Amino acid sequence: MVQALNHLRDQIDEVDQQLLDLLQQRIKLVHKVGEVKNQHGLPIYAPEREAAMLAKRRAEAESKGVPPALIEDVLRRVMRESYTSEKDSGFKTINPELGNIVVIGGRGQLGRLFVQMFRLSGYQVDVIGKEDWQQAPELFANAGLVLVSVPINLTEQIIARLDQLPENCILADITSIKAAPLSKMLAVHKGPVVGLHPMFGPDVPSLAKQVIVYADGRGSEQYQWLLQQMAIWGARLHPVDAESHDKAMTLIQSLRHFTSFAYGVHLAQEEADLELLLDLSSPIYRLELAMVGRLFAQSPYLYADIIMASEQSKAMIKRYHNNFGELLKLLENEDKQGFIQAFERVSDWFGEYSEEFLKESRGLLQQANDSRRA
């Protein structure tokens, strides 16, 4: 038995080596693709091409008796690595006549990412930190874009100091709230203004498929090149008005982060055995615990600023607290029927998204299970 098993394992090892050789070949081809895209200014992420290729490979896999989901999983992981590799080839410079780009706060984590992306795109990028303001007038004199990347609580204060920019210079920020910074930029600067919100953290290996929200301020025709440049990086650009953005962020960021914060505080106060929780957890609970733990691996100052960013955020969290209290009464009264009715109302509200999210989550849960330690 051992001899037969070892023989089969040797064959598997040989196939694995062939897979590695093919992956190496694919990575080399991806580098060449990246060079062509850079030369012609094509985005590194082409959703139509990706969808068509995956559909074709799924059909081919099924015809060979290979589970279609398997080849899709493999290819999606390979493509994710490919997008990172393509970035190394650099990007076409959409606006070579721009002048320099100044990133205020460009030594911070997210600021550094944008500095890197602009430099990969061939722009002259200068960085201003709190110790560099004596150089600011000189750097601003030839600036085509000034990007504000500072903590939320400092954003308006910094913007107030930008009243001497060239009139054709674009003024933009990458803060997670938009209405107040956008209003301040419009008041301070007479030229083109746009508010940006990258919906990702600084640790992303590539901007492919990452969402960047933008809120128009003034002079949209003058900052179109910036949107095109970010699209070339692979980002998905989503226009939204500032007020709608901020209302959505009270749910997407403030409330979500606060509930994770509250759950983490509760676990710590209960002195929960984290190792035992992981040993006993289902994949979905492990994912939920990972998202909570992820929060506490990052800067408390960042999340304090996000959660406490506006009165809207505080009001939303208070409403959630009130709703939580009302639902708690169902448990106190052992009102099973009331629980079911509330459940069904929310199910109806989600509509078709419920089934879509159920299907989408299966893949995430399987990945979580696959990465589980022994």
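Helices (H or I, at least four residues) and strands (E, at least two) are DSSP runs, numbered from the N terminus. This is a predicted model, in which local features need pLDDT of at least 70, side-chain atom pairs count only at pLDDT 80 or more, and totals for chains, interfaces and linings use all residues. Residues are numbered from 1 along each chain as its sequence is written, and side-chain values use heavy atoms, with hydrogens and water left out.

**Exercise 1. Describe the protein chain as a whole.**

Task: State how many helices and strands the protein chain has, and what part of its residues is buried.

Solution. 
- Step 1. The protein chain holds 15 helices and seven strands. Its C-alpha trace spans about 80 × 65 × 40 Å along the principal axes.
- Step 2. Of the 374 residues in the protein chain, 36% are buried. Buried means under 20% relative accessible area, exposed over 50%, and partly exposed in between (1.4 Å probe, protein chains only).
- Step 3. The accessible surface comes to about 23,400 Å², and 55% of this surface belongs to carbon and sulfur atoms. Such areas come from the Shrake-Rupley method with a 1.4 Å probe; for residues, only the protein chains shown count as cover.
- Step 4. Contact means heavy atoms within 4.5 Å. Among the contacts with a separation of 6 or more, 68% are between residues 24 or more positions apart.
- Step 5. There are 40 positive and 49 negative side chains, and the centres of the two sets lie 3 Å apart. Lys and Arg count as positive and Asp and Glu as negative, while His and the chain ends are not counted. The place of each charge is taken as NZ of Lys, CZ of Arg, CG of Asp or CD of Glu.

**Exercise 2. Locate the nonpolar cores.**

Task: Identify the residues with the most contacts inside the largest nonpolar core.

Solution. 
- Step 1. A nonpolar core is a set of buried Ala, Val, Leu, Ile, Met, Phe, Trp, Tyr and Cys residues joined through side-chain atoms within 4.5 Å. In soluble globular proteins, nonpolar side chains tend to be buried together.
- Step 2. The largest core comprises 41 residues, and Phe-114, Phe-118, Leu-145 and Leu-196 have the most contacts inside it. Helix 4 (residues 109-120) supplies the largest share of this core, six residues.
- Step 3. A second, separate core has 23 residues, including Ile-104, Ile-158, Leu-171 and Ala-215.

**Exercise 3. Examine Leu-196 and helix 8.**

Task: Is Leu-196 buried or exposed, and what covers the buried residues of helix 8?

Solution. 
- Step 1. Leu-196 belongs to strand 5. With a relative accessible area of 2%, Leu-196 is buried.
- Step 2. Neighbours within four places in sequence are left aside; the contacts of Leu-196 then include Leu-147, Ala-172, Ile-212, Leu-226 and Met-230.
- Step 3. In helix 8 (residues 224-232), the buried residues are Trp-225, Leu-226, Leu-227, Gln-229, Met-230 and Ile-232. Their cover includes helix 4, strand 3 (143-148), strand 4, strand 5, strand 6 and strand 7 (236-239).
- Step 4. Just after helix 8, Gly-234 adopts a positive phi of about 105°.

**Exercise 4. Compare residues in loops.**

Task: Where does Ser-206 lie, and which residues does Ser-206 contact beyond four places in sequence?

Solution. 
- Step 1. Ser-206 is placed in the loop between strand 5 and strand 6. Ser-206 counts as buried because its relative accessibility is 7%.
- Step 2. Beyond its neighbours within four places in sequence, Ser-206 contacts Ile-44, Tyr-83 and Thr-84. A polar atom of the Ser-206 side chain lies 3.0 Å from the backbone nitrogen of Ala-208. A polar contact is a pair of N or O atoms within 3.5 Å; within protein, one must be able to donate a hydrogen and the other to accept it, and residues adjacent in sequence count only if both atoms are side-chain atoms.
- Step 3. Lys-209 lies in the loop between strand 5 (193-198) and strand 6 (211-218). Lys-209 has a positive phi of about 75°, although it is not a glycine, and is partly exposed at a relative accessible area of 29%.
- Step 4. Glu-334, in the loop between helix 13 (311-332) and helix 14 (336-350), has a positive phi of about 50° and is not a glycine. Its relative accessible area is 71%, so Glu-334 is exposed.
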